[in-house]
Amino acid sequence: MERITVNTTPIDGQKPGTSGLRKKTEVFMGKHYLENFISAIWTGIGGASGKTFVLGGDGRYFNDRAAQVILRMAAASGAAKVIIGQNAVLSTPAASNLIRKRATDGGIIMSASHNPGGRDEDFGVKFNMANGGPAPEDVTNRMYEATKTITHYDILEAQDIDLATLGTTQLGDMEIEVVDPVSDYAELMESLFDFDKLRALFASGFTMRFDAMHAVTGPYATEIFERRLGAPQGSVLNGTPLPDFGKGHPDPNPIWAKPLVDLVMSDAAPDFAAASDGDGDRNMILGRGVYVTPSDSLAVLAANAHLAPGYASGLAGVARSMPTSQAVDRVAEALGLECFETPTGWKFFGNLLDAGRATLCGEESAGTGSDHVREKDGVWAVLLWLNILAETGASVKGLLADHWAKYGRNYYSRHDYEAVDATAANGMINALRAGLRTLPGQTFAAGKVAMADEFAYDDPIDGSRSEGQGIRIGFENGSRIVFRLSGTGTVGATLRVYLEAYENDPSKLDADAETALADVVESAEQIAGIKGATGREAPDVKT
Ligand code: VG1
Ligand code: CO
């Protein structure tokens with residue numbers, strides 16, 4: 001086994017985005033591409049020497065090959081140990097849990113999350129810190145700087161490691177421990193939720209469908225829902241992970257998980273349904289005849305979390321990403337909780353969770369989580385919903401209706417314009433920025449503008465500032481529009497337009513969301529000229 005130093009040169013564009021570095025798989029498979037970035041990770045964290053890391057991924061195409069490369073590079077860089085999921089698979093929340101539970105120095109997660117997988121699709125790599133959460137911006141900036149000056153990297157020349165067999169092996173001086181990806185995670189879930197009550201719920205005939213979308217949550221969901229909680233076999237759909245996710249788009253929303261939405265709207269609807277994404281950190285919640293928006297889900301969970309044993313003593317505070325609807329703010333106000341508004345991306349919740357200022361966090365993009373790990377967590381969100389349903393005996397629809405009756409309803413939708421020309425998209429955002437000062441006081445279809453700014457975040461724990469986090473426009477009647485460009489896409493630019501309208505008239509809580517938001521949608525067009533800038537008549541995806 002020989003340690004070799006390979007000469008390389010910087011590769012353009014290795015800048016981590018909202019959640020790590022994501023590129024086309026073929027790009028990651030290109031000469032030195034993965035190796036340069038892994039070497040830059042070591043530089044960004046002050047070296048790998050003597051450290052212990054967790055390694056795992058969502059099982060997409062190239063996951064297995066990338067794992068072997070990362071192991072050889074870790075060994076060559078002096079890492080003491082790598083704890084790796086069997087077959088190099090770990091869901092993102094399970095990886096976060098292992099990083100924390102085993103008191104490691106951090107971990108590498110191989111995933112492009114909700115992006116499709118396969119040789120012609122996407123791959124990604126991100127680093128999580130010792131707290132289990134995504135590396136903050138100062139660390140990812142150091143990694144990016146390192147990619148621009150790299151001249152060489154170290155790697156061991158060795159045979160592939162057997163990652164299918166559980167147990168401990170050596171690679172040079174480094175120890176490798178192959179662990180079951182599910183057991184530690186399932187144990188954590190048992191510590192937070194009332195599994196006896198959930199078993200009784202399923203025993204009483206409660207029906208559920210969980211769509212794993214051929215992605216990483218299949219084994220987790222099968223173990224927890226079917227084996228430990230006794231949900232009938234077949235409750236988990238598409239539970240076999242595939243390297244290309246069965247050619248689907250592993251994004252749990254009404255577009256990409258349409259068959260599940262169709263099912264809950266049909267006569268054959270189960271009591272409850274949910275789906276998760278490629279790496280298991282997102283969730284979509286459905287009930288018989290109803291889709292729960294992620295923003296509403298966060299609000300309902302915040303209002304009822306105390307019904308689950310893990311949260312019985314109440315919440316310290318809540319946090320939501322800026323574009324997420326303000327529904328949870330109303331719950332926080334009623335409960336007297338601190339409520340934080342952070343930029344998009346889970347890395348911004350880490351400090352609040354570590355400091356004990358927030359217990360529950362969420363994003364409009366179907367991410368919900370708590371201080372049990374430092375990532376959003378799809379299966380966790382499903383279990384918290386189930387625990388609340390078991391305690392209250394309510395239906396999803398009933399719980400939501402009660403919530404709206406109490407707090408009012410934040411109608412919400414996100415419109416995505418994918419793979420648009422990057423120059424045109426940036427031009428549109430620049431024009432919006434330039435016109436911000438003139439907007440307050442002007443009237444559009446949705447009413448009079450009360451405020452308009454570009455969101456910047458000052459982290460209350462470490463004082464760091466993050467600028468350029470999206471254009472916000474608030475109306476006097478509580479409606480809101482947010483414009484921002486995605487940081488996870490791999491082709492051109494993706495424009496996201498977030499639309500929200502508040503309603504508390506009891507006779508108007510049951511409207512069709514598209515109708516309720518029509519004026520806000522029209523205002524977004526009036527203000528930004530989206531059609532002209534993107535050349536599109538309509539968004540590619542509406543969620
Ligand atoms: C998107 C979502 C964001 C989420 C991120 C990573 O980012 O909007 O809320 O945190 O994906 O999620 P962007 O920059 O494309 O809007 V995951 O589950 O894909 O790691
Ligand atoms: Co994800």
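**Entry 1: a salt bridge to start**

I began with Glu-364 and Arg-414, whose side chains form a salt bridge with N and O 3.2 Å apart. My cut-off for a salt bridge is a side-chain nitrogen of Lys or Arg within 4 Å of a carboxyl oxygen of Asp or Glu. Glu-364 sits in the loop between β17 (360-363) and β18 (367-370) and Arg-414 in strand β19 (residues 409-420), so this pair ties together parts 50 residues apart in sequence. Strands here are DSSP runs (E, at least two residues), numbered from the N terminus.

Buried or exposed, I asked of Glu-364? Glu-364 is buried, at a relative accessible area of 7%, and Arg-414 is buried too, at 8%. Buried means under 20% relative accessible area, exposed over 50%, and partly exposed in between (1.4 Å probe, protein chains only).

**Entry 2: what I am working with**

This is a predicted model, where local features need pLDDT of at least 70 and side-chain atom pairs count only at pLDDT 80 or more, while totals for chains, interfaces and linings use all residues. Residues are numbered from 1 along each chain as its sequence is written, chains are lettered from A and ligands numbered from 1 in the order in which they are written, and side-chain values use heavy atoms, with hydrogens and water left out.

**Entry 3: other salt bridges**

How many salt bridges does the structure hold? I got 43.

I then picked Arg-472 and Asp-453, whose side chains meet at 2.8 Å, N to O, in a salt bridge. They link distant parts of the chain, with Arg-472 in strand β24 (residues 471-475) and Asp-453 in strand β21 (residues 447-454), 19 residues apart. Arg-472 is buried at 15% relative accessible area, whereas Asp-453 is partly exposed at 22%. Both belong to one network of salt bridges with shared partners: Arg-320, Asp-329, Glu-341, Asp-453, Arg-472, Arg-480 and Glu-500.

I also noted Glu-223 with Arg-228, a salt bridge whose closest N and O atoms are 2.8 Å apart. Glu-223 is buried at 17%, and Arg-228 is partly exposed at 23%.

**Entry 4: the cobalt ion**

Which residues coordinate the cobalt ion (ligand 2)? I found Ser-113 (OG), Asp-277 (OD), Asp-279 (OD) and Asp-281 (OD), at 1.9 to 2.1 Å. Donors are N, O and S atoms within 2.8 Å of the metal (3.2 Å for Na, K and Ca), and water is not among the atoms, so sites may look incomplete. The sequence spacing of the donor residues reads S-x163-D-x1-D-x1-D. Ser-113 is buried at 2% relative accessibility and Asp-279 is buried at 3%.

**Entry 5: domain 1 against domain 3**

I looked up the domains: domain 1 (2-179), domain 2 (185-407) and domain 3 (409-542), with bounds from an automatic or database domain assignment. The C-alpha centres of domains 1 and 3 lie 35 Å apart. Nine residues of domain 1 and seven residues of domain 3 make the contact (heavy atoms within 4.5 Å).

Between them, domain 1 and domain 3 bury about 580 Å², 44% of it on carbon and sulfur atoms. That is accessible area (1.4 Å probe) lost by the two parts on being put together, summed over both. Thr-18, Arg-22 and Glu-137 supply 55% of what domain 1 buries against domain 3, more than any other three residues. I counted zero salt bridges between domain 1 and domain 3.

Methods
Helix = DSSP H or I, 4+ residues; strand = E, 2+ residues; numbered from the N terminus.
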